[in-house]
Amino acid sequence: MEIKTEEQELVCAVCGEKSSQTVVVKYEPDTSVPDLDMRPGEPHRSYIKYWVSKCPHCGYCNSSIEIPSLFTKEYLQSANYNKYDDSLAGRFMKMSLVCEKNKIYEVALKACLYAAWAFDDEGNDEKAVECRRAAVRIFDSHRVLFSEKPDYVLLVADIMRRSGSFERVISDYKGRFLGSGLMMAIAAFEVELAEKGDSGCHRADEVRGVSVK
Ligand SMILES: [Zn+2]
């Protein structure tokens, strides 16, 4: 049993209404080899559906509906928020919007990536690329913040490559100093894949000379 969930009554931080939500109460450590964008292998790969919750009353989507917001429930009725549906990917994109509103830009970026994973699983490459480009836009909009977070700088190399921005991966990452030998080896691998025009999914253990566990 890698994961245990239970139904809990939670109060929405935006509208104050109660609803029953599936909450992860036990989570065994993930020992799988991740993809280059840190997507875990199975069985944890299947658990992303538990990473976003939605309030059935106001539509608030976040990793928990108990997380306080900097906006009012009127925002959740806006056309911008409702351009996404209630599929798993749509809920992650809504979570990304609320995290941007809450100025939690790291989670906003990752929520776009999780939406891309959901589209990857559906075989919807076009939508997956759109979500990855939305993640890169968040990265570009907050360059100072992210420049101090080498793990995000490296993560974005993969997000760019998977969305076909090969030239940018090569120009931004070739020979770049990234804080550790492991990170530089992964960045070099991203550049190598970009030079081949490879936008496919690769695992971290494909990086030469590096064992990632
Ligand atoms: Zn609510």
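The crossing of α6 and α7 is left-handed. This is a predicted model. Helix α7 covers residues 181–195. The axes of α6 and α7 lie 9 Å apart, and the two helices pack at an angle of about 145 degrees. On the α6 side, the contact uses F166, V169, I170 and Y173. These meet A187, E190, V191, A194 and E195 of α7. By class, the contact of α6 with α7 holds 7 nonpolar and 2 charged residues, with no polar ones.

Helix α6, residues 166–173, also packs against α5, residues 150–162. Here the axes come within 7 Å and cross at roughly 155 degrees. Angles over 145 degrees count as roughly antiparallel, so α5 is roughly antiparallel to α6. The crossing of α5 with α6 is left-handed. From α5 come A157, M160 and R161. From α6 come F166, R168, V169 and Y173. The classes in this contact of α5 with α6 are 5 nonpolar, no polar and 2 charged.

Now step back to the whole chain. It is divided into domain 1, residues 3–148, and domain 2, residues 149–213. Their C-alpha centres lie 24 Å apart. The contact between them takes 18 residues from domain 1 and 19 residues from domain 2. Which elements give two or more residues to the domain 1 side? They are α2 (105–122), α3 (125–141) and α4 (143–147). Helix α3 supplies the largest share of that side, with 6 residues. The domain 1 side divides into 11 nonpolar, 1 polar and 6 charged residues.

Helix α2 also holds A118. Is A118 buried or exposed? A residue is buried if 20 or more other C-beta atoms lie within 10 Å of its own. A118 has 22 such atoms within 10 Å, so it is buried. Setting aside residues up to four places away in sequence, A118 touches I48, L88, A89 and F92. I48 is 70 residues from A118 along the chain. Even so, the C-alpha atoms of A118 and I48 are separated by 8.4 Å.

The backbone deserves a look too. Most residues other than glycine have a negative phi, and most peptide bonds are trans.

Start with the loop between β2 (18–27) and β3 (53–54), where P43 is placed. The peptide bond from E42 to P43 is cis, with omega near 5 degrees. M38 lies in the loop between β2 and β3 as well. Phi of M38 is near 70 degrees, a positive value in a residue that is not glycine. How exposed is M38? It counts as partly exposed, because it has 13 C-beta neighbours inside 10 Å.

K103 is not a glycine, yet its phi is positive, at about 60 degrees.

Terms used. Residues are numbered from 1 along each chain as its sequence is written. This is a predicted model: local features need pLDDT of at least 70, side-chain atom pairs count only at pLDDT 80 or more; totals for chains, interfaces and linings use all residues. Domain bounds come from an automatic or database domain assignment. Two residues are in contact if their C-beta atoms, placed from the backbone, lie within 7 Å. Helices (H or I, at least four residues) and strands (E, at least two) are DSSP runs, numbered from the N terminus. Ala, Val, Leu, Ile, Met, Phe, Trp, Tyr, Cys and Pro count as nonpolar, Asp, Glu, Lys and Arg as charged, and the others, Gly among them, as polar. Axes are lines fitted to C-alpha atoms, for helices over the stretch in contact, and angles run from 0 to 180 degrees between N-to-C directions. Angles under 35 degrees count as roughly parallel, over 145 as roughly antiparallel, 65 to 115 as roughly perpendicular and the rest as oblique. A crossing is left-handed if the near helix is turned anticlockwise from the far one by less than a right angle, and right-handed if clockwise. A residue is buried if 20 or more other C-beta atoms lie within 10 Å of its own, exposed if 12 or fewer, and partly exposed in between; C-beta atoms are placed from the backbone.
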